[in-house]
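Open the model in your viewer and keep the sequence panel beside it. We will go stop by stop.

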Protein chains: 2
Amino acid sequence: MALIPILFLIRDQVFKQADGAGPSREFDEVEASGPIVLAGFGRFNQIVGRVLRSKQIPFTALDSAPERVDFVRRFGAKIFYGDPSRIEILRAARVAEARLVIVGVDGVEESVAIVKLIREHYPHVPVFARARDREHAYTLIELGAQVIVRELFHSSLEMAREVMVAVGMPVVNAQRAIERFRDHDEAQLRHQATIRDDDEALRASAVSFAAELERLFNEDAEEDFQLTP
Amino acid sequence: MALIPILFLIRDQVFKQADGAGPSREFDEVEASGPIVLAGFGRFNQIVGRVLRSKQIPFTALDSAPERVDFVRRFGAKIFYGDPSRIEILRAARVAEARLVIVGVDGVEESVAIVKLIREHYPHVPVFARARDREHAYTLIELGAQVIVRELFHSSLEMAREVMVAVGMPVVNAQRAIERFRDHDEAQLRHQATIRDDDEALRASAVSFAAELERLFNEDAEEDFQLTP
């Protein structure tokens with residue numbers, strides 16, 4: 001139960017840095033501010049871009065692969081063709097005035113290079129980053145990225161949800177199970193990032209988080225029982 | 001609006017094939033049935049396995065990488081060390097009696113080989129598959145996989161949700177936006193799989209689905225307006 005407030009704290013800090021007014025601000029003020037910049041426009045950021053476009057939120061994309069330029073133009077988005085790990089490209093895309101940058105490139109090294117560059121030159125601009133795995137996520141946390149989304153994590157949870165429903169778990173329970181797991185695992189990730197070089201502490205943390213998760217799920221099981229008709 | 005029933009139809013068929021009794025069946029009967037088999041135990045299926053374990057749902061894992069065996073044993077799960085695209089391995093894991101198989105390997109070719117093998121030898125066993133991208137998903141649909149989860153899709157949607165909230169959209173609206181986008185895109189994927197070799201029809205479908213999505217989002221925008229205090 002102590003984990004949830006930590007997560008909210010992290011999220012609140014992000015919102016404050018991002019727009020200075022918290023999450024309850026009206027949505028139609030978005031266009032008045034600087035651009036949202038998508039660094040990389042491959043499989044990951046294309047989906048992000050399509051969602052933003054659906055909600056008429058403008059964005060600027062940077063990508064070093066020429067074959068993606070036409071695709072981006074079809075979106076009516078600004079595209080800067082070039083390597084987003086070069087400072088000139090970031091400058092051309094007006095990252096200094098960006099509302100936030102989404103680093104969604106495929107490779108770990110390229111991702112780390114871009115995040116370092118933004119944090120060094122534009123420390124006031126929030127960085128939302130795609131992570132390959134836990135190790136990459138730890139590095140991104142250390143570098144000061146505000147929001148980190150592990151690239152397979154949420155799709156794996158969706159698969160787990162589908163499987164639990166298919167074997168007979170009620171849809172609401174399966175949904176609650178993956179939400180609990182997600183919040184718990186993200187809190188664990190944030191904690192473990194602070195002790196990543198301490199094997200002993202990492203092991204102890206894994207054990208205590210596993211026990212906590214089991215306790216949470218046992219509470220759920222009792223609720224499940226009461227809810228069953 | 002016509003899209004949602006199609007999705008439910010697909011899902012209902014899955015449930016019926018998977019357990020013969022629909023999604024309202026009680027969850028504690030799971031252990032009485034055959035195993036859930038995880039083909040591959042890399043980044044994707046490890047998360048699936050951890051969720052299943054949290055809910056005390058037993059599973060069997062197959063993986064060809066020896067360094068993962070210890071990791072799986074820590075889960076208390078059965079592990080078969082071997083290439084899941086070989087029929088002897090599938091036989092050893094009792095796929096014939098499996099409740100369902102989750103094909104979560106990393107490579108497209110290996111994934112397609114495993115799904116083909118299961119569909120050929122065990123056509124009664126539902127296949128839940130991880131897809132790399134749309135093209136891979138089309139192939140998996142053609143092969144008869146029942147549930148397909150694109151590996152980056154749900155994480156990209158999560159990133160889009162975080163971004164929309166950070167720029168001031170109320171949390172419930174951002175959540176609804178990604179759910180609409182997800183349902184719409186999955187229906188589009190199922191439809192486009194049937195016309196994948198017809199460029200003209202694919203283009204027409206992309207245009208009509210984009211218009212449909214815009215209409216759905218415009219309806220949302222009107223609701224948003226009424227809901228704003």
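**Stop one: helix 6 of chain B**

Select B:Asp133 and B:Glu135. B:Asp133 caps the N-terminal end of helix 6 of chain B, with a side-chain oxygen 3.4 Å from the backbone nitrogen of B:Glu135. This is a predicted model, so treat what you see as a prediction.

Now select residues 134–143 of chain B, which make up helix 6. Which of its residues are buried? They are B:His136, B:Ala137, B:Tyr138, B:Leu140 and B:Ile141. Step past the helix to B:Gly144. This residue follows helix 6 and has a positive phi, near 100°.

**Stop two: helix 5 of chain B**

Select residues 108–121 of chain B. Helix 5 has 14 residues, which at 1.5 Å a residue should span 20 Å. Its end C-alpha atoms are 20 Å apart, in agreement with that.

Color the buried residues next: B:Ser111, B:Val112, B:Ile114, B:Val115, B:Leu117 and B:Ile118. In an α-helix, residues three or four places apart point the same way, because there are 3.6 residues a turn.

What covers the buried residues of helix 5? Show strand 1 (36–39), helix 4 (87–92), strand 4 (100–103) and strand 5 (127–131) of chain B, which are among the covering elements. Helix 6, from the previous stop, is also one of them.

**Stop three: confidence**

Color chain A by pLDDT. Its mean is 79, and 73% of its residues reach 70 or more. Select residues 1–33 of chain A: pLDDT stays under 50 there. Then select residues 225–229 of chain A, where pLDDT is also below 50. Where pLDDT is low, the predicted coordinates should not be read in detail. For the complex, the predictor gives an ipTM of 0.80 and a pTM of 0.79.

Notes: Residues are numbered from 1 along each chain as its sequence is written. Chains are lettered from A and ligands numbered from 1 in the order in which they are written. This is a predicted model: local features need pLDDT of at least 70, side-chain atom pairs count only at pLDDT 80 or more; totals for chains, interfaces and linings use all residues. Side-chain values use heavy atoms; hydrogens and water are left out. pLDDT is the predictor's confidence in each residue, from 0 to 100. Contact means heavy atoms within 4.5 Å. Buried means under 20% relative accessible area, exposed over 50%, partly exposed in between (1.4 Å probe, protein chains only). Helices (H or I, at least four residues) and strands (E, at least two) are DSSP runs, numbered from the N terminus. A polar contact is a pair of N or O atoms within 3.5 Å; within protein, one must be able to donate a hydrogen and the other to accept it, and residues adjacent in sequence count only if both atoms are side-chain atoms. The expected span of a helix is 1.5 Å times one less than its number of residues.
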